[in-house]
Amino acid sequence: MSSLFHEFLVEDREFTDYDDFKKNCRLKTIKDFNFAYDIVDRYASDFPGKRALVWLDDNGEEYTFTFNDISRESKRAAYWLTSKGIKKGDTVMLVLRRRYEWWFLMPALHRIGAIVIPATDQLLKSDFEYRTNAADVKMIISYDNPHVQEEIEKAMPKSPTVKTLVTVGKIKREGWDSFHEEYERMPAEFPRPVGEAATHNEDPMLLYFTSGTSGYPKMVLQNFDYPIGHIMTAKYWQCVVEDGLHLTIAETGWAKATWGKIYGQWICGSAEFVYDMNMLKPDKMLTLISKYGLTTFCAPPTVYRFLVRQDLSKYDLSKCTRFSTAGEALNDEVFNKWFQQTGKKIYEGYGQSESTVICGNFMESPVKPGSMGRPNPMYDVEVLDPNGKPVPTGEVGELCIHVENGHPYGLLTGYYKDVSLTAAAFDGGVYHTGDNVYQDSDGYVWFVGRTDDIIKSSGYRISPFEVESILQKHPAVLECAVTGVEDPKRGMAVKATIVLSDGYQDRDPKEMEIELSTFAKENTAMYKCPRIFEFVKELPKTVSGKIRRVEIREKDNGKDTDKIKQDF
């Protein structure tokens, strides 16, 4: 058996069911754990031919890397980074989309003890300015996309901490160092640092800028024990297969990449499949799952909404033993359509950039479509009211994680350089997720919305997700976001902002409004039905792909309430 996760289990055995799992599954660490030395190099030493990464892109390039390859190239990259002046504690930003070099550079930076800042290629000048100054970024490494690199260059006059720009790829750029031209000349040697240069469990390792509902992005800081927490993500929720091939659809610039594209999967002995696509093409994605025999697959609900519209009988998905989803709540319509066509369930999970998976449909537990599952045993989860008191079963409150008795693996150590924000997040001895949920009598947790997304209309508290799930049952609705609009009669009126499916986009908006309004009235309580409809080409989203309802609310703020014309 070649997977290493067994070494981090307090009780190394198979768990019979969720109750056994919840009661007995506990993790442990080792002194001065470092993912690069204790996972990558261990595999390279003990199983050098073990497959680590299968990578391809839309230009016909394709490579397979073993752990021996990853170990060698990450050592070479670490040597090169130190030659550029990068040392323990320095912050380095990676803007690499899904380039394979990300899997060289992440372990390389861990070897040094530098703080990695993965960033999306969707950032613009102002985004780079804020991030480089907030985190004192010393180096930016970007793939060779002219638009991305132009935005980085625009930010440089107001980014005094950045000393070096590095380009990755075939296209050279004036003023930028060439990664491949330089690092390939370096020796593949990088002994584990000792003394003051050595890394320790509590040292900062990873920093993510997470987009909130308002204000500047927060800086989530994780330490060197963070990868261990993702054993729960990979082994027990995604259920990766030893020597299998796992694909999580995520760009490396957001936290879902560390959930599904490196840490837990490698610790558990699965190789990663990476498709560096220019855009999602459902037919191509399903063809790749079939062609390469992927064993596990994870994607956000938005992707499943596109995939389920294909004729799934055309694709051989038999080798894929587990389909999972996270990012936003999955409505039961998509779950049911997927199950009807494939005979396979989609196992939902929930977490944040600040954590690993907090709740999930773990192992082979029964799935309740629409629920995000039950709590990860690593986290002491409770649903609390605004006064910090537990709410009764079935009532809505904030999902919180107790930390009075110790800090769990994978939960942020704090917000970088922000003592007050960290204190607020951990107020009262619990970590506040900011997400409203309720827990049913079986312990399953159901997402209701962000604390500021809840719609209060005529005395009712309305979950946006619940209304969205109803509307998405209609074939005309590709995507939708439900928000509240100020209304003098009700306090707030329910509004649906909708992206129409192909075949419906040329329909008269008034006719579509009537059709969808009637559909909603026939399928849910009257107080939940949208009074306002707006049809758009795309919904505002965060850089990580989550719908920004707050942006819709801000746009609607101050609009004429005469638009609220459906008086039920």
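The chain averages a pLDDT of 92, and 95% of the residues score at least 70; pLDDT is the predictor's confidence in each residue, from 0 to 100. This is a predicted model, in which local features need pLDDT of at least 70 and side-chain atom pairs count only at pLDDT 80 or more, while totals for chains, interfaces and linings use all residues. Residues are numbered from 1 along each chain as its sequence is written, and side-chain values use heavy atoms, with hydrogens and water left out. Over residues 560-568 the pLDDT stays under 50, and the model has 27 contacts beyond four places in sequence for this stretch (contact means heavy atoms within 4.5 Å).

Helices (H or I, at least four residues) and strands (E, at least two) are DSSP runs, numbered from the N terminus. Strand β14 (residues 346-351) is mostly covered, with six of its six residues buried. Buried means under 20% relative accessible area, exposed over 50%, and partly exposed in between (1.4 Å probe, protein chains only). In a regular strand the side chains alternate between the two faces of the sheet. In β14 both faces are covered: one side carries Ile346, Glu348 and Tyr350, the other Tyr347, Gly349 and Gly351, all buried.

Two strands pair if DSSP finds at least two bridges between them. Strand β13 (residues 322-325) runs parallel to β14, joined by three bridges, and Ser324 stands opposite Tyr347 in β14. With helix α13 (residues 332-342), β13 and β14 make a right-handed β-α-β unit; a crossover is right-handed if, with the strands pointing away from the viewer, the path from the first strand over the helix to the second runs clockwise. Strand β15 (residues 357-360) runs antiparallel to β14, again with three bridges. The bridge partner of Gly349 in β15 is Gly360, and β14 and β15 form a hairpin with five residues between them.

**A four-stranded sheet**

An open sheet is formed by four strands in the order β17-β18-β20-β21, with antiparallel pairing. Its edge strands, β17 (380-384) and β21 (445-450), each pair on one side only. Neighbouring strands of this sheet are turned by 45 degrees against each other on average, direction ignored (axes are lines fitted to C-alpha atoms, for helices over the stretch in contact, and angles run from 0 to 180 degrees between N-to-C directions). Strand β20 (residues 430-439) pairs with β21 over five bridges, and Val437 has Phe447 in β21 as its bridge partner.

**Salt bridges**

The structure holds 42 salt bridges, each a side-chain nitrogen of Lys or Arg within 4 Å of a carboxyl oxygen of Asp or Glu.

| Pair | N to O distance |
|---|---|
| Lys170 and Glu61 | 3.6 Å |
| Lys495 and Asp556 | 2.8 Å |
| Glu534 and Lys555 | 3.3 Å |

Lys170 lies in the loop between β6 (164-168) and β7 (177-178), and Glu61 in the loop between β1 (51-57) and β2 (62-66), 109 residues apart. Lys170 is exposed, with a relative accessible area of 71%, whereas Glu61 is buried at 17%.

Helix α17 (residues 549-556) holds Asp556, whose partner Lys495 is in strand β25 (residues 491-500), 61 residues apart. Lys495 and Asp556 are both buried. Lys555 also lies in helix α17 and Glu534 in strand β26 (residues 532-535), so this pair ties together parts that are 21 residues apart in sequence. Glu534 is partly exposed, with a relative accessible area of 22%, and Lys555 is partly exposed at 45%.

Elsewhere, a network of salt bridges links Asp69, Arg72, Glu73 and Arg76.
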